[in-house]
Each structure stands twice: as C-alpha cells, then as structure tokens.
Amino acid sequence: RKRLEELTVEGSSGGGAVTVTMNGQRDVVSVSIDSSVVEDGDAEMLEDLLLSALRDAKQKPDELASAEMGKVAGAGLPPGLL
C-alpha cells in the first residue's frame, strides 16, 4: 500500500494536449496544457479536455492497486487458486 501511495500516474486527453499527473492518493500534482489549446481561445474545449484528463488519471491508481494486490494475493498460492 505504501508503494502505491508513492507512485504517480498520468491521464491525458486530446492526443496529449492536456496531461494531468496524480499521485497514488489521487492528489493532482501537475497539469500540463499544450499552448495550441490555449491559442484557440476555446474555453469550453479546454474545460472538456481537462475534465477528460482528470478522469483518465483518476482511474489509473485503481488499476495499479488491483494489479499490485493481485501480485500480493497470488504470492504463495498454487496456480489457479486466485
């Protein structure tokens, strides 16, 4: 569990135009927005891209936790019993 808290994950949208980095506790640690998105001046599009990137990043700690728990739970058990 401690290892998961120290990991960081990235979520992105718009082909990488907006990237959000979160730690394992789902705290947003950084946001990156490509300048081309800002130059368009379309606030609604930027809001949608940001929301999508946040959702993408938010689900990744769960995926990592499931994978790590599977490793821990599977350790020591004969194959097929997990």
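1. Accessible areas in this note come from the Shrake-Rupley method with a 1.4 Å probe, and for residues only the protein chains shown count as cover. On this basis the protein chain has an accessible surface of about 5600 Å², and carbon and sulfur atoms account for 52% of that surface. The structure is a predicted model, in which local features need pLDDT of at least 70, side-chain atom pairs count only at pLDDT 80 or more, and totals for chains, interfaces and linings use all residues. Residues are numbered from 1 along each chain as its sequence is written, and side-chain values use heavy atoms, with hydrogens and water left out.

2. The overall plan may be stated briefly. The protein chain contains three helices and three strands, where helices (H or I, at least four residues) and strands (E, at least two) are DSSP runs numbered from the N terminus. Along the sequence, these elements follow the pattern α-β-β-β-α-α. The protein chain has 82 residues, of which 21% count as buried; buried means under 20% relative accessible area, exposed means over 50%, and partly exposed lies in between (1.4 Å probe, protein chains only).

3. A contact is defined by heavy atoms within 4.5 Å. Among contacts in the protein chain between residues at least 6 apart in sequence, 45% join residues at least 24 apart.

4. The three strands form an open sheet in the order β1-β2-β3, with antiparallel pairing. The edge strands are β1 and β3 (28–33), each of which pairs on one side only. From one strand to the next, the twist averages 15°; axes are lines fitted to C-alpha atoms, for helices over the stretch in contact, and angles run from 0 to 180 degrees between N-to-C directions. Two strands are said to pair if DSSP finds at least two bridges between them.

5. The pairing of β1 with β2 is antiparallel and extends over six bridges. V9 has M22 in β2 as its bridge partner, and G11 has V20 in β2. The hairpin of β1 and β2 has four residues between the strands, and G14 takes a positive phi near 60° there. The covered face of β1 consists of V9, G11 and S13, whereas T8, E10 and S12 make up the uncovered face.

6. Antiparallel strands β2 and β3 are joined by five bridges. The hairpin formed by β2 and β3 has four residues between them, and R26 in the turn has a positive phi of about 65°.

7. Which residues form the largest nonpolar core? The nine residues are V9, A17, V18, V20, M22, V37, L49, A53 and A57. A nonpolar core is a set of buried Ala, Val, Leu, Ile, Met, Phe, Trp, Tyr and Cys residues joined through side-chain atoms within 4.5 Å. Strand β2 (18–23) and helix α3 (43–74) each supply at least two residues of this core. In soluble globular proteins, nonpolar side chains tend to be buried together.

8. V18 lies in strand β2 and counts as buried because its relative accessible area is 0%. Beyond four places in sequence, V18 touches G11, S12, S13, S32, I33, L46, L49, L50 and A53. The C-alpha atoms of V18 and D34 are separated by 6.3 Å, although the two residues are 16 apart along the chain. With the same exclusion of residues up to four places away, M22 touches L7, T8, V9, D27, V28, V29, L54, A57 and K58.

9. S13 belongs to strand β1 (residues 8–13). Is S13 buried or exposed? S13 is buried, because its relative accessibility is 7%. The side chain of S13 reaches the backbone oxygen of L49 at 2.5 Å; a polar contact is a pair of N or O atoms within 3.5 Å, and within protein one must be able to donate a hydrogen and the other to accept it, while residues adjacent in sequence count only if both atoms are side-chain atoms. Apart from neighbours within four places in sequence, S13 is in contact with V18, L49, L50, S52 and A53.

10. N23 is located in strand β2 and is buried, with a relative accessible area of 14%. The N23 side chain reaches the backbone nitrogen of D27 at 3.0 Å. When neighbours within four places in sequence are left aside, N23 is in contact with E5, L7, T8, V29 and P61.
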